[in-house]
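Subject: The structure, and what turned up in it

Hello,

Here is the structure I promised to pass on. Have it open while you read, and my notes follow just below.

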Amino acid sequence: MTISTATNAHQRRWLLIMNKVGSRIESLPGYRASGRIIRATGMVLEAVGLRVPLGSACRIELSSPDGSPQDRFAEAEVVGFAGERLFLMPLEELSGLAPGAKVYPMGEGPTSGARRFPLGEALLGRVLDGNGRPLDGKGPLDDAPRAPLATAPFNPLMRAPIDSQIDVGIRAINGLLSVGRGQRMGLFAGSGVGKSVLLGMMARYTRADVIVVGLIGERGREVQDFIDNILGEEGRRRAVVVAAPADTSPLQRLQGAAYATRLAEGFRDQGLDVLLIMDSLTRYAMAQREIALAIGEPPATKGYPPSVFAKLPRLVERAGNGPPGGGSITAFYTVLTEGDDQQDPIADSARAILDGHIVLSRSLAEAGHYPAIDIEASISRVMSAIVPPDRQQQAQQFKQLFSRYQRNRDLISVGAYSPGKDPLLDRAVQLNPRLESFLQQHIHEHADLDATQQALATLFGTQ
């Protein structure tokens, strides 16, 4: 090779490099937009100098305690605006926030910003926070595909109907409150009546390809307990857990619920049957209440602003069946009833948007009856479409006998009951020990559909 040829090759190589660098420089914006913090009140920050839409992610510049320069940033989301002022809600506690701190936008909106979350099968067996970051110390998720949380609303006419029953492993639910593939059920309970243990049993025993668990607003101790002792090793292998405990910001609790739902949607779009467990829907509503009140939205029903009752159906409607022949999301949402008040506004709203509700009774729990399901107050709205008529008749007969006994319990206890006057009550008294035995189940006992059907048939003498 001559000197001139080598020189020409060297020049061509440098020219190619310069062209690549030039194209990258041309693709960059000519300036970097920024705003500044002018007010910090409670959980809300006010910023000026930026024009970004609601739901956009921003980065807030933080200073060090000793005043030395360093690159520290905190993420926040635009949750409202008034005139030229933006209302920002940080995703975590801020330390080092100073007046006039710079604010930089991370994207142009909720679906095109830099905040994209890991999805897919690489997350099975993992525990994540509301930001999609691992909490289990098993390494990063750099190779997992990522997507924004927001998705387009599902066309209701494109959903497959709920026409098949799934096995949740709980005899009382399988036999009397049958759950369909793609159904959304509410688990209504006060504190300390066994809802978390019941959820764990369903997570272990339900026939589903993937389990997605959203632990929203619960105590941090309960997160570890649920994963190790309630979900168990068997359930965890096919599960993804999203934990946003009570000590996280309200925005992160909202985001954790949306992220768990987005994960379930991703698996459903792959044609898989997903069990989504959300504990709890009430904490999600409370987080939205905190945000709405902080930005000045007026309270309405029992201190809950109207935006709370608008967000609940948006979250719940994302679950359910996909198109015919596709995957499904069968969802269980726990609803806390404060003081066991079933007329709590969140409980009342949840009943209206769910496909049924299972009520746990404190009196049954205190009497050692587990699971403490109040059969009289519970209902599955799709049971008539997923079980044959003879099974429906058995469930109806069971509830009639159980209800008749409960209404006359006081008379029976004081000896005022006289056999022979009411044939239905006579039979209810005769079968009551077997009815209560059917409703009770040990935490490590698995009652599948066949065993449940056989138990019902034996109970009523049809087998």
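Y104 is buried, with a relative accessible area of 11%. Here buried means under 20% relative accessible area, exposed means over 50%, and partly exposed is what lies in between (1.4 Å probe, protein chains only). By that scale F73 is partly exposed, at 29%. These two residues form an aromatic pair of the edge-to-face kind, 6.3 Å centre to centre with 65 degrees between the planes. F73 belongs to strand β4 (residues 72-82) and Y104 to strand β6 (residues 102-105), so the pair ties together parts that are 31 residues apart in sequence.

Before going further, a word on the model. It is a predicted one, where local features need pLDDT of at least 70 and side-chain atom pairs count only at pLDDT 80 or more, while totals for chains, interfaces and linings use all residues. Residues are numbered from 1 along each chain as its sequence is written, and side-chain values use heavy atoms, with hydrogens and water left out.

More on the rings

A pair of aromatic rings is described by the distance of the centres and the angle of the planes. The rule takes rings of Phe, Tyr and Trp (its six-membered ring) as paired if their centres lie within 6.5 Å; planes under 30 degrees apart count as stacked, over 60 as edge-to-face and the rest as tilted. The count by this rule comes to five aromatic pairs. One of them joins Y304 and F309, whose ring centres are 6.2 Å apart with the planes at 65 degrees, so this pair is edge-to-face. Y304 is buried, with a relative accessible area of 2%, and F309 is partly exposed, at 24%. Elsewhere, F398, F402 and F438 are linked by ring pairs into a cluster.

The whole protein

The secondary structure comes to 14 helices and 17 strands. These are DSSP runs numbered from the N terminus, with helices being H or I over at least four residues and strands being E over at least two. Of the 463 residues, 50% count as buried. The C-alpha atoms fill a box of roughly 115 × 60 × 40 Å, taken along the principal axes.

An enclosed strand

What does strand β12 look like from the inside? Six of the six residues of β12 (residues 239-244) are buried, so this strand is largely enclosed by the rest of the structure. A239, V241 and A243 point one way from β12, whereas V240, V242 and A244 point the other way, and all are buried.

Two strands pair with β12, where pairing needs at least two bridges found by DSSP. Strand β8 (residues 127-128) runs in the parallel sense with β12 over two bridges, and V242 is the bridge partner of L128. Strand β11 (residues 210-216) also pairs with β12 in the parallel sense, over six bridges, with A244 as the bridge partner of I216. From β11 the chain crosses through helix α4 (residues 220-237) to β12, and this β-α-β crossover is right-handed. Right-handed here says that, with the strands pointing away from the viewer, the path from the first strand over the helix to the second runs clockwise.

Two cis peptide bonds

S280 sits in the loop between β13 (273-279) and α6 (281-294). Another cis peptide bond joins Y370 and P371, with omega about -5 degrees. P371 is in the loop between α9 (362-366) and β17 (379-380).

W14 is part of helix α1 (residues 3-27) and is partly exposed, with a relative accessible area of 45%. M201 lies in helix α3 (residues 195-205) and is buried, at 0%. M201 and K102 are 99 residues apart in sequence and 49 Å apart in space, C-alpha to C-alpha. K399 is in helix α11 (residues 389-407) and is partly exposed, at 26%. The C-alpha atoms of K399 and D344, which are 55 residues apart along the chain, are separated by 26 Å.

Happy browsing, and do write back with any questions.

Best wishes
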